[in-house]
Amino acid sequence: MEDILERCMLDGLRYYRDETKQMLAMATDTGDRTDAARLERRMHRLDDRIRDWDLTSRQMH
């Protein structure tokens with residue numbers, strides 16, 4: 001059961017990262033530097049979380 005939950009959480013984080021990437025592209029296109037910077041920081045945090053989940057998952061199996 002934990003494997004299924006972990007997989008769902010990881011898929012959710014990846015989906016949220018993809019959505020953030022699209023919002024970052026729109027903010028960049030419109031020239032909104034403040035929003036673009038905020039979204040870029042969010043993407044870095046999501047990348048770190050995904051990497052941590054992936055690493056933890058691989059170590060457990």
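User: Which residues are buried in α1?

Analyst: This is a predicted model, where local features need pLDDT of at least 70, side-chain atom pairs count only at pLDDT 80 or more, and totals for chains, interfaces and linings use all residues. Residues are numbered from 1 along each chain as its sequence is written, and side-chain values use heavy atoms, with hydrogens and water left out. Helices (H or I, at least four residues) are DSSP runs, numbered from the N terminus; buried means under 20% relative accessible area, exposed over 50%, partly exposed in between (1.4 Å probe, protein chains only). In α1 the buried residues are Glu-6, Leu-10, Leu-13, Thr-20, Leu-24 and Ala-27.

User: What do the buried residues of α1 pack against?

Analyst: Contact here means heavy atoms within 4.5 Å. In turn, the buried residues of α1 pack against α2.

User: Are α1 and α2 roughly parallel or roughly antiparallel?

Analyst: Axes are lines fitted to C-alpha atoms, for helices over the stretch in contact, and angles run from 0 to 180 degrees between N-to-C directions. The axes of α1 and α2 (residues 33-60) come within 9 Å and cross at roughly 160°. Angles over 145 degrees count as roughly antiparallel. Therefore α1 and α2 are roughly antiparallel.

User: How do the residues of the contact of α1 with α2 divide?

Analyst: Ala, Val, Leu, Ile, Met, Phe, Trp, Tyr, Cys and Pro count as nonpolar, Asp, Glu, Lys and Arg as charged, and the others, Gly among them, as polar. By that scheme, the contact of α1 with α2 has 14 nonpolar, three polar and 10 charged residues.

User: What is the relative accessible area of Lys-21?

Analyst: Lys-21 lies in α1 (residues 2-30). Its C-alpha atom is 9.9 Å from that of Ala-36. Lys-21 is partly exposed, because its relative accessible area is 49%.

Technical notes: Helix = DSSP H or I, 4+ residues; strand = E, 2+ residues; numbered from the N terminus. Parallel < 35°, antiparallel > 145°, perpendicular 65-115°, else oblique.
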